[in-house]
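Reader: I am new to this structure. Please show me how to read a few of its features.

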Amino acid sequence: MSGAPTREVARRVFAAEFNDATFTFKESDDERAPLYALLPTGERANRVFVTGTLTETEDIGEDAEYWRGRVVDPTGTFFVYAGQYQPEAAAALRDAETPTYVAVVGKPRTYETDDGSVNVSLRPESITMVEESVRDRWVVEAAERTLDRIEAFNEEGNEYAERARAEYGADTSAYRQAVVDALAEFDAPG
């Protein structure tokens, strides 16, 4: 086994939870140590895998192309930003016809606004156009992973859940409701 770092698992997370993941941390002082977002359901995420409808794209760069995309899942909106350091993702946003279903793998990023609130966005590693069936399967998988995290939230020794309780509080009911709302979309007639 080489000493090369392995890629982190990309966590499946709904927008409702992702946008609340305002606390980030590193687990070592190494400058190359990964930056993690702490999910409110008690898991760390260095990478996430999201799927939804790309509803709009815009080049917000001043001197160079810097693309913002809005990806909507059944629980809310992800904001995706890609520029010169993510050329494939920037090209995907530039060339996309909206609305279209997309799958995005990327890294959570936080930034503090002038009023002191924290916004969460996604720096994409890849953006892929997908079929509705792929999006639907992702919704079910994200629901399952969210429920798994909620179930493990109160387990003894779950250090990330302990951190999440300290940062966000112990109430995970909003994320359970997000799962219910996301899955209800499949029960709707139409």
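Reader: Is Arg47 buried or exposed?

Author: Arg47 is buried, with a relative accessible area of 12%. Buried means under 20% relative accessible area, exposed over 50%, and partly exposed in between (1.4 Å probe, protein chains only). This is a predicted model: local features need pLDDT of at least 70, side-chain atom pairs count only at pLDDT 80 or more, and totals for chains, interfaces and linings use all residues. Residues are numbered from 1 along each chain as its sequence is written, and side-chain values use heavy atoms, with hydrogens and water left out.

Reader: Which side chain meets Arg47 in a salt bridge?

Author: Side chains of opposite charge can pair when their charged atoms come close. A salt bridge here is a side-chain nitrogen of Lys or Arg within 4 Å of a carboxyl oxygen of Asp or Glu. Arg47 meets Glu125 at 2.9 Å, N to O. The pair links distant parts of the chain: Arg47 sits in strand E5 and Glu125 in strand E9, 78 residues apart. Glu125 is partly exposed, at 28% relative accessible area. Arg47, Lys107 and Glu125 are linked in a network of salt bridges.

Reader: How are strands and helices named?

Author: They are DSSP runs, numbered from the N terminus: helices are H or I with at least four residues, strands are E with at least two.

Reader: What is the order of the strands in the open sheet of three?

Author: Strands of a sheet pair through backbone hydrogen bonds, either parallel or antiparallel. Two strands count as paired if DSSP finds at least two bridges between them. The order here is E2-E3-E4, with antiparallel pairing. Strands E2 (24-26) and E4 (43-45) are the edges, each pairing on one side only. Three bridges join E3 (residues 35-39) to E4. Leu38 stands opposite Arg44 in E4.

Reader: Which residue does Arg44 meet in a salt bridge?

Author: Glu27, at 2.4 Å, N to O. Arg44 lies in E4 and Glu27 in the loop between E2 and E3, so the pair ties together parts that are 17 residues apart in sequence.

Reader: Which residues of H4 are buried?

Author: An α-helix has 3.6 residues a turn, so residues three or four places apart point the same way. In H4 the buried residues are Tyr160, Ala161 and Ala164. Seen down the helix axis, they fall within an arc of 100°, so they line one face of H4. The arc is that of the directions from the helix axis to the C-beta atoms. These buried residues pack against E2, E3 and E4, where contact means heavy atoms within 4.5 Å.
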